Amino acid sequence: MLLEVKSDDKLGLILFYCILISFSPILVSTMLIPGFNKGGIFTILVGSMFFIQAILLLVYFITHKKIFFNKGLFLFAWIFMTSQAITLFVSALTGIQINNFDYINVFVRFISILLFVCIPSQFSVSRKGLEKFMFSILILGLIACVYNMIVNFNGILGIANINNPYAVNFKSFFTNRNSFGQFLFFCVIANTYLYITKKSIFYWVSYLILGINVFATLSRTVTASVCIFILIFFLLYFRKKVLTQIMIFISVIFLFFIFYSNPQVNNFIVNIFMREETGTSGRSAIWETGFQILNQSSWTFGIGYLTSTSWIETMGFPNEFHNFYIETLVGGGFIDLLLHLIIFIFILNKVMTIYKNDKITGSIYFAAFLALLFYLFFESASFVSMGYVDSIFRIFFITIPLLYANNFNKN
């Protein structure tokens, strides 16, 4: 049995509330004021929600424990902020027009590391606290799924008959289907944790609902990431059962054979789902533009995150690079990519601590991280800025595993 120690389990729910707070501007733009996310007021609202999160967390930290700063983590937060300040300084010297919100983002980086990494290193959540957080994520996901299935009921029923995958946009109350699919990726991870630990039929039903909606997004990256996560987790979970691992491989091969042998299913997967003729759906052009920007500026420092996305938007591209690694390089250069790598290594070390004490949770988070690293090759994601995407990636993949690992450090 896992030895439980005194933990700050309410912090898990507060972090979930932070995710909800960061998501509220998106709800406004999709449910109340369509197109609201295109204006400057939306950015101001996003910033306001971030500072509400910061105040909420700070109040919790101050009222629950005497705060002291881990010198190493505090120094890292300072370096993380300073590196972006140097980036903007270098960009300004070379005549690049800086997006004004990038100046604010310099301080946001420091606050993010301070409140979501540095101070949480003194707190912890137990298994019970982790379950509450994961359950909250799952319930929000199921609400989004049910809403999507109600609003797009006829379209989802006829999904096998569509001729153009870009003509449908089953996005629930998110801004687009990729964002919806991204959140479903988190929900599948949360549901896997809850199913393995509780073995309830409720979570089997949840898998079915989540699976239908993942498929309906027609997102290749999300679907592949979910498959990678599930495959790696079950290989780890059944690591001592060779026969079971062989059965998993046989089942996967059998499914591929069924899909390949059925012309209608095969055509749908190839033409509508995989979309071989579209290749990377324009991503390669955006990636090439990112490298061109680096060649014209600085591979060491980049040009600034919001500055870079504004730059490619003026070229007719979406305001993201659809690749975390390239976006990080353009935003902050090799220095910033290295700083993010340090964060990943730090958290993976925490995941190993979890694995030594709780094999199931450790396996789930290890598989999730590998799937995440794949996902980041084809989609944008950030961890230290102000928006909803930053909040959920930061909390789910950094703060929560840090808090849960601290539970064992106390032991």
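# A first look around this model

About 30 Å³ of space lies in the largest cavity. Welcome to this structure, which is a predicted model.

**The cavity**

- The structure holds one cavity of 30 Å³ or more.
- Rolling a probe the size of a water molecule over the atoms shows where empty space is left.
- The lining of the largest cavity is made up of Val 90, Ser 91, Thr 94, Ile 96, Ser 297, Ser 298, Gly 302 and Ile 303.
- Sorted by type, the lining residues of the largest cavity are three nonpolar, five polar and no charged.

**Ser 297, a residue of the cavity lining**

- You can find Ser 297, one of the lining residues, in the loop between α12 (283–296) and α13 (305–314).
- Ser 297 has a relative accessible area of 28%, so it counts as partly exposed.
- Leaving out residues up to four places away in sequence, Ser 297 touches Ile 96 and Ile 303. Ile 96 and Ile 303 are also among the residues that line the largest cavity.
- A polar atom of the Ser 297 side chain lies 2.6 Å from the backbone oxygen of Ile 293.
- Ser 297 and Asn 163 are 134 residues apart along the chain, and their C-alpha atoms are separated by 42 Å.

**The nonpolar cores**

- How many residues does the largest nonpolar core have? It has 106 residues, and those with the most contacts inside it are Leu 57, Phe 133, Met 134, Phe 229, Phe 393 and Phe 397.
- Setting aside neighbours within four places in sequence, Phe 393 is in contact with Gln 182, Phe 186, Leu 372, Tyr 375, Ala 381, Ser 382, Phe 383 and Ile 398.

**Asp 390 in helix α16**

- Helix α16 (residues 388–410) contains Asp 390.
- Is Asp 390 buried or exposed? Its relative accessibility is 6%, so Asp 390 counts as buried.
- Not counting residues up to four places away in sequence, Asp 390 touches Ser 382, Phe 383, Val 384 and Ser 385.
- With Ser 382, Asp 390 forms a side-chain to side-chain polar contact of 2.3 Å. Ser 382 is also one of the residues in contact with Phe 393.
- From Asp 390 to Phe 50, the sequence separation is 340 residues, while the C-alpha to C-alpha distance is 10.0 Å.

**Val 46 in helix α2**

- Val 46 belongs to helix α2 (residues 40–64).
- With a relative accessible area of 13%, Val 46 is buried.
- Val 46 touches Pro 25, Met 386 and Gly 387, when residues up to four places away in sequence are not counted.
- Between Val 46 and Ile 26 there are 8.9 Å in space, C-alpha to C-alpha, and the two are 20 residues apart in sequence.

- Ser 126 sits in the loop between α4 (100–118) and α5 (127–151).
- The relative accessible area of Ser 126 is 4%, which means that Ser 126 is buried.
- The side chains of Ser 126 and Asp 9 make a polar contact of 2.8 Å.
- Asn 152 is in the loop between α5 and α6 (153–157).
- Why does Asn 152 count as buried? It does so because its relative accessibility is 18%, and the cut-off for buried is under 20%.
- Through its side chain, Asn 152 makes a polar contact with the side chain of Asn 148 (2.8 Å).
- Asn 152 also touches Phe 170 and Lys 171, again not counting residues up to four places away in sequence.

**Backbone angles to look at**

- Most residues other than glycine have a negative phi, and most peptide bonds are trans.
- Lys 199 has a positive phi, near 55°, and is a residue other than glycine. Lys 199 lies in the loop between α7 (177–198) and α8 (201–217).
- Leu 218 also has a positive phi near 55°, and its place is the loop between α8 and α9 (220–237).
- Leu 218 counts as buried because its relative accessibility is 0%.

Conventions:
Residues numbered from 1 in each chain as written. Predicted model: local features only at pLDDT ≥ 70, side-chain atom pairs only at ≥ 80, totals over all residues. Heavy atoms only, no water. 1 Å grid on protein atoms, 1.4 Å probe; cavity = no way out; pocket = protein on both sides within 12 Å on 5 of 7 lines; lining within 4 Å. Points joined across faces, edges and corners; volume = space filled by probe spheres on them. Nonpolar A, V, L, I, M, F, W, Y, C, P; charged D, E, K, R; others polar. Core = buried A, V, L, I, M, F, W, Y, C linked by side-chain atoms within 4.5 Å. Buried < 20%, exposed > 50% of the residue type's maximum accessible area, 1.4 Å probe, protein only. Contact = heavy atoms within 4.5 Å. Helix = DSSP H or I, 4+ residues; strand = E, 2+ residues; numbered from the N terminus. Polar contact = N/O pair within 3.5 Å; in protein donor to acceptor, adjacent residues only side chain to side chain.
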